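Subject: Handover of a structure

Dear colleague,

I am passing on the structure below, and after it I set out what was found in it. Please keep it open while you read.

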Amino acid sequence: VGDEAIILDMGVYLPKVIDFEEEGGDRNLLNRDSLIKMGAVPDDNIINSWRDKVKAIIPSHCHLDHTAAIPYLAGRYNAPIIGTPFTLEVIKDIIKDGNLNIRNKFKSLNPGSTIKISKNFEIEFINSTHSTLQTAMVAVHTPAGIILYTNDFKFDNHPIIGKGPDYNRLKKLGKSGNVLAVIMDSLYSNYNRKTPSESVAKEMLKDVLLGTDNEGHAIIATTFASHLARLKSIIEFGKKLDRKIVFMGRSMFRYTTAAEKLNLVNFTKEAEICKYANNIKRKLKQIEKEGRDRYLIVCTGNQGEPRSTLVRMANGELPFNFKDEDHIIFSCKTIPAKENIENRAALERKLKSMKTRIFTDIHQSGHASREDMRDLIDLVKPRKIIPSHGDSGMYIGLLDLAKEMGYNEKDARMINTGEAVDLN
């Protein structure tokens, strides 16, 4: 806008990083150029002509596909990083854990708050729901009008942790008639439904953990480490089973610690957290010795990531022997990327060969479906719709919905990498 710009999100494409690690790559050798070359982070050379105009970098939430390029790219911009408190805590831990350093300042903004960052930009965080905490829709207020950035969101009216979506604020934006464009999460635009609440996933977990005979067997649950609401439900049911709960893996430690610093959860009161490989090995030996049916293990590995705890357990790299009918609960969906699908399939084959009981898709998504998208469009009444966060088929799904709602091809359109669109 004028002589000023902002950047919304700065994430990585995780499958490329996983491929790099599978091939024996050293993470310490990763830098901006190598990550761009492998297709893991955005090639921001494309915006070199206005790099000096950037006034802020604004991640919408803490997930790595929205934040994890910040340590490698943000230093090229003389701009603060503005995020919710939880998002910033996670980013700081990523930087610390990778022995990285950036000079950018961090500015915390709570959902429901605004910050004036320059003559052309005021940023408002609108409370949303997703599969992690303190996710915000970003309303970018400019002299010309408002751009609403909605990656990622769902309309969960019964969240396990935190408040529901701020419908009143979205409705108010719509009534203003001033929303120039909405940039919208398109992942499930072809699913004719409303995405079910996290409370539904909780009931699914309850049915497996409390409604299936697991006496005498190990229970191992794996889910996204950032999904604090799901972890809260697992802890609740683990306690009802009278099992000791143990979290295993670096990312489990990262997100739990970040949330506890902000008093959003208090998991360490109810669960032990093992961060490093040596701690995990010691704990698994103790579990084998004391009795596997006295514990509920919650670990990384839901996507079959090669260096995750569950994969290393299955491969015999960690001291745990799977036995017939041990319970493995995948409280997640496989991310639909080739690498993830192949890694998960390989892990499941390995676990099945050991005669374990496998429970998959004990999950509800953190992303809106087609009817949620319709509701958002009805609420904010944007002049233009720009699909994002998905592949071309998902973009087309949202564009079909927009056409159904009366938008023409000029006002609802796909944007290709490197393409600019004038919203005037």
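Is Lys-261 buried or exposed? Lys-261 is exposed, with a relative accessible area of 58%, where buried means under 20% relative accessible area, exposed over 50% and partly exposed in between, for a 1.4 Å probe and protein chains only.

This is a predicted model, in which local features need pLDDT of at least 70 and side-chain atom pairs count only at pLDDT 80 or more, while totals for chains, interfaces and linings use all residues. Residues are numbered from 1 along each chain as its sequence is written, and side-chain values use heavy atoms, with hydrogens and water left out.

The side chain of Lys-261 meets that of Glu-89 in a salt bridge (3.7 Å, N to O), a term that stands for a side-chain nitrogen of Lys or Arg within 4 Å of a carboxyl oxygen of Asp or Glu. This pair links distant parts of the chain, 172 residues apart, with Glu-89 in helix α5 (residues 85–97) and Lys-261 in helix α9 (residues 250–261); helices (H or I, at least four residues) and strands (E, at least two) are DSSP runs, numbered from the N terminus. Glu-89, for its part, is buried at 19%.

Asp-97 also forms a salt bridge with Arg-250, their closest N and O atoms being 3.4 Å apart. Asp-97 lies in α5 and Arg-250 in α9, so this pair ties together parts 153 residues apart in sequence.

Elsewhere, a network of salt bridges links Arg-32, Asp-33, Asp-44 and Arg-76.

Best wishes
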